Number of protein chains: 2
Amino acid sequence: MLLSIEPDSSVPIYQQIRDRIVEAIATGEAPVGSGLPATRQLAVDLGINFHTVNKGYDLLRQEGLLRIGRKAGAVVQRDATSGPPRPGWEEDWTSRLRTMLAEATAQGLAADEIIGHCQDIVAGFVPVTYDGPAVGEAS
Amino acid sequence: MLLSIEPDSSVPIYQQIRDRIVEAIATGEAPVGSGLPATRQLAVDLGINFHTVNKGYDLLRQEGLLRIGRKAGAVVQRDATSGPPRPGWEEDWTSRLRTMLAEATAQGLAADEIIGHCQDIVAGFVPVTYDGPAVGEAS
DNA sequence: CCACTGTTCTATAAGAGATACATCATAGGG
DNA sequence: CCCTATGATGTATCTCTTATAGAACAGTGG
């Protein structure tokens with residue numbers, strides 16, 4: 001897990017951490033069951049405060065993508081087998097996606113160009129499936 | 001132009017205003033050349049401060065989607081004929097889209113489901129074309 | 001005892017509102 | 001016809017609240 005942060009960006013650092021990890025889950029770089037770095041360790045690596053990392057992890061926990069425990073640290077949890085997303089997630093996500101696609105349309109991108117971009121991006125992702133041992137689970 | 005705002009949302013009000021207007025441009029509800037309500041008027045209608053509205057309008061101006069003048073107020077400007085988006089826009093947009101699609105993948109949505117959502121949304125948009133008189137232009 | 005996470009507290013910056021100022025259009029009087 | 005008054009609009013400055021980021025401390029399990 002190697003992620004980089006832009007300290008001078010307008011998006012909060014904890015949001016950047018959350019985004020990069022979400023992308024790592026989608027690309028398969030952080031498969032379900034794999035452990036993420038400890039909050040303080042990652043904070044040192046990024047040169048930021050560990051509380052900021054903690055906030056990013058907590059966001060992912062609220063989204064059901066992470067399980068945080070003392071023993072194993074942060075473990076990627078969400079997959080097709082761990083139940084559906086929390087209620088209302090799909091509506092919220094669709095709404096945000098709508099805004100994003102509207103922006104592209106307003107900027108002059110044609111419909112097929114937009115869909116092409118989406119396909120290119122999704123093609124780089126792998127479906128989340130859990131094929132390893134129960135890392136972080138009680139023995 | 002009828003737009004509603006969620007005052008208790010976590011996303012800033014000025015961002016909501018910007019998002020709703022972007023969507024209105026994409027759906028054709030606010031075609032290029034049409035005028036938006038005056039900042040103070042819209043602020044009264046929404047029950048918020050006019051400065052907040054002004055900030056939302058200013059965002060759209062920076063994105064090249066709006067032209068603000070005393071005479072005609074805020075006028076939708078961006079279309080295919082008013083030049084390309086500002087440099088770096090497409091890279092930034094693609095990056096944000098990537099995060100959004102990764103989120104859906106991590107939540108368990110299949111690739112074809114994601115693309116289907118995108119197609120459904122884009123199908124509700126109309127290409128931005130300017131077919132009216134030069135509203136707000138010097139005579 | 002060591003390695004982790006969780007909690008509480010404190011500066012700094014962003015969001016939202018209130019107020020005051022500058023600018024332009026239009027109407028009315030000279 | 002020109003000048004000025006008034007209203008509308010956009011712009012700038014200030015203040016209050018909240019969120020963000022950082023620092024020190026406490027709790028928990030191996």
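Modeller: Let us begin with accessibility: buried means under 20% relative accessible area, exposed means over 50%, and partly exposed lies in between. Please bear in mind that this is a predicted model.

Colleague: Why is Arg61(A) called partly exposed?

Modeller: Arg61(A) has a relative accessibility of 39%, and therefore counts as partly exposed, since that class lies between the limits of 20% and 50%. Asp58(A), at 27%, is partly exposed as well.

Colleague: What makes Arg61(A) and Asp58(A) a salt bridge?

Modeller: The rule asks for a side-chain nitrogen of Lys or Arg within 4 Å of a carboxyl oxygen of Asp or Glu. The closest N and O atoms of Arg61(A) and Asp58(A) are 2.6 Å apart, so the pair meets that cut-off. Both residues lie in helix α3 of chain A (residues 50–62), three residues apart, about one turn of the helix. An α-helix has 3.6 residues a turn, so residues three or four places apart point the same way.

Colleague: Which partner does Arg61(B) have in a salt bridge, and what is the N to O distance?

Modeller: Arg61(B) meets Asp58(B), at 2.6 Å from N to O. The two lie in helix α3 of chain B, again three residues apart. Arg61(B) has a relative accessible area of 39% and is partly exposed; Asp58(B), with 28%, is also partly exposed.

Colleague: How do you know that Glu103(B) and Arg96(A) form a salt bridge?

Modeller: Their closest N and O atoms are 2.9 Å apart, and the limit is 4 Å. This pair crosses between chains, from helix α4 of chain B (residues 89–106) to helix α4 of chain A. Glu103(B), at 2% relative accessibility, counts as buried, whereas Arg96(A), at 28%, is partly exposed. Both belong to a network of salt bridges that also links Arg18(A), Asp19(A), Glu63(A) and Asp92(A). Over all chains, the count of salt bridges comes to 16.

Colleague: Why is Glu23(A) called buried?

Modeller: Its relative accessible area is 9%, and the class requires a value under 20%; Glu23(A) is therefore buried. Glu23(A) is placed in helix α1 of chain A. Leaving aside residues up to four places away in sequence, Glu23(A) touches Ser95(B), Arg98(B), Thr99(B) and Ala102(B).

Colleague: How do you know that the span of helix α1 of chain B agrees with its number of residues?

Modeller: At 1.5 Å a residue, the 15 residues of α1(B), 13–27, should span 21 Å, and the end C-alpha atoms are 21 Å apart, which agrees. The helix is followed by Gly28(B), whose phi is positive, near 90°. Among the buried residues of α1(B) are Ile17(B), Ile21(B), Val22(B) and Ile25(B), together with charged residues such as Arg18(B), Asp19(B) and Glu23(B). What covers the buried residues includes α4 of chain A, and α2, α3 and β2 of chain B.

Colleague: What lines the largest pocket, and which residues lie nearest its centre?

Modeller: The lining has 49 residues, and Gln15(A), Arg96(A), Val11(B), Gln15(B) and Arg96(B) lie nearest the centre. Helices α1, α3 and α4 of chain A and α1, α3 and α4 of chain B each give two or more residues to this lining. By class, the lining has 19 charged, 16 polar and 14 nonpolar residues. The volume of the pocket is about 2,200 Å³.

Conventions: Residues are numbered from 1 along each chain as its sequence is written. Chains are lettered from A and ligands numbered from 1 in the order in which they are written. This is a predicted model: local features need pLDDT of at least 70, side-chain atom pairs count only at pLDDT 80 or more; totals for chains, interfaces and linings use all residues. Side-chain values use heavy atoms; hydrogens and water are left out. Helices (H or I, at least four residues) and strands (E, at least two) are DSSP runs, numbered from the N terminus. The expected span of a helix is 1.5 Å times one less than its number of residues. Buried means under 20% relative accessible area, exposed over 50%, partly exposed in between (1.4 Å probe, protein chains only). Contact means heavy atoms within 4.5 Å. On a 1 Å grid over the protein atoms alone, a cavity is a set of points where a 1.4 Å probe fits but cannot get out, and a pocket is an open set with protein on both sides within 12 Å along at least five of seven lines; lining residues have an atom within 4 Å of a point. Grid points are joined across faces, edges and corners, and a volume is the space filled by probe spheres set on the points.
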